[in-house]
Amino acid sequence: MKKKIQFLSVLSAVVFGFLAFTTLDKKTIVIDAGHGGQDAGVDVRGFEEKTITEAVAKKIKELNKNANVEIVLLRDGDVNMDLAERVSKINNLKPDLVISLHISTNRNVKANGVRAYITSKETFHDQSKQIAETVIDKIAINGNLEKGKVTEAPFFILKNAECPVVLLEMGYLSNENDRDYLTSEKGQSEIADKILESIK
């Protein structure tokens, strides 16, 4: 009996030691900085969508301190990347989630706020919607950006990526308040931080 107890004690120590050095399964999150290269996206008063989305994407990666979350930047640099190439890379990576960063513009300069688009595909709809709502809530919580809606859309990346995807419109460059926030170091850092909080 004594030997059995000793054996169980040793076994418990080995198992505990193994678990102590074993991390949980890592989440792979792909951040897709919209546009790039010759495709500047929205351009208002010299502020380009591609530059802002890349800046926020890089901040997300830099700010991530969670050992169980790996942030992969789909576009790391000001390079051309068409939609088919983006989707091909995403599906090869097989991530747990993709967040595609974009910025809006509107003839109505009062149009403002953060909003998101998701797939209508049943497989990833609910998960995408839950994450999208969480991201919007967190970004809008400090009052710098108005809280918008989550909408289904037939965008290429949403239809063809084989994982949950949130296409996040972070605000409107055509709106003065949104533009000031989106182009500031503070605004970009806060948005990046709130996105990270949403994917823990």
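Tutor: Let's start with a helix and its packing. The buried residues of H7 pack against helix H2 (49-63), strand E4 (69-73), strand E5 (97-104), H4, E8 and H6. Keep in mind that this is a predicted model.

Student: Which residues of H7 are the buried ones?
Tutor: They are Gly187, Gln188, Ile191, Ala192, Lys194, Ile195, Leu196 and Ser198.

Student: And how do I read the length of H7?
Tutor: Compare its end-to-end reach with what its residue count predicts. H7 covers residues 185-198, 14 residues in total. From first C-alpha to last it reaches 20 Å, close to the 20 Å expected at 1.5 Å a residue.

Student: How many helices and strands does the protein chain have?
Tutor: Seven helices and eight strands. Of its 200 residues, 46% count as buried.

Student: What should I look for among buried residues?
Tutor: In soluble globular proteins, nonpolar side chains tend to be buried together. Here, the largest nonpolar core has 37 residues. Those with the most contacts inside it are Ile31, Ile60, Ile71, Leu101, Leu168, Ile191 and Ile195. Helix H4 (residues 122-140) gives this core its largest share, six residues. There's also a second, separate core of 15 residues, which includes Leu74, Met81, Ile90 and Ile157.

Student: Which residues does isoleucine 31 contact, apart from its neighbours within four places in sequence?
Tutor: Ala57, Ile60, Ile71, Val72, Leu73, Leu74, Ile99 and Leu101.

Student: How do I read contacts across the protein chain?
Tutor: Check how far apart in sequence the partners sit. Among contacts with a separation of 6 or more, 77% join residues 24 or more positions apart.

Student: What lies around the polar atoms of its side chain?
Tutor: Look for backbone atoms. The backbone oxygen of valine 109 is 2.8 Å from a polar atom of the asparagine 175 side chain. The backbone nitrogen of aspartate 178 is 3.0 Å from a polar atom of that side chain. Leaving out residues up to four places away in sequence, asparagine 175 touches Val109, Lys110, Ala111 and Asn112.

Definitions and conventions:
Residues are numbered from 1 along each chain as its sequence is written. This is a predicted model: local features need pLDDT of at least 70, side-chain atom pairs count only at pLDDT 80 or more; totals for chains, interfaces and linings use all residues. Side-chain values use heavy atoms; hydrogens and water are left out. A polar contact is a pair of N or O atoms within 3.5 Å; within protein, one must be able to donate a hydrogen and the other to accept it, and residues adjacent in sequence count only if both atoms are side-chain atoms. Contact means heavy atoms within 4.5 Å. Helices (H or I, at least four residues) and strands (E, at least two) are DSSP runs, numbered from the N terminus. Buried means under 20% relative accessible area, exposed over 50%, partly exposed in between (1.4 Å probe, protein chains only). A nonpolar core is a set of buried Ala, Val, Leu, Ile, Met, Phe, Trp, Tyr and Cys residues joined through side-chain atoms within 4.5 Å. The expected span of a helix is 1.5 Å times one less than its number of residues.
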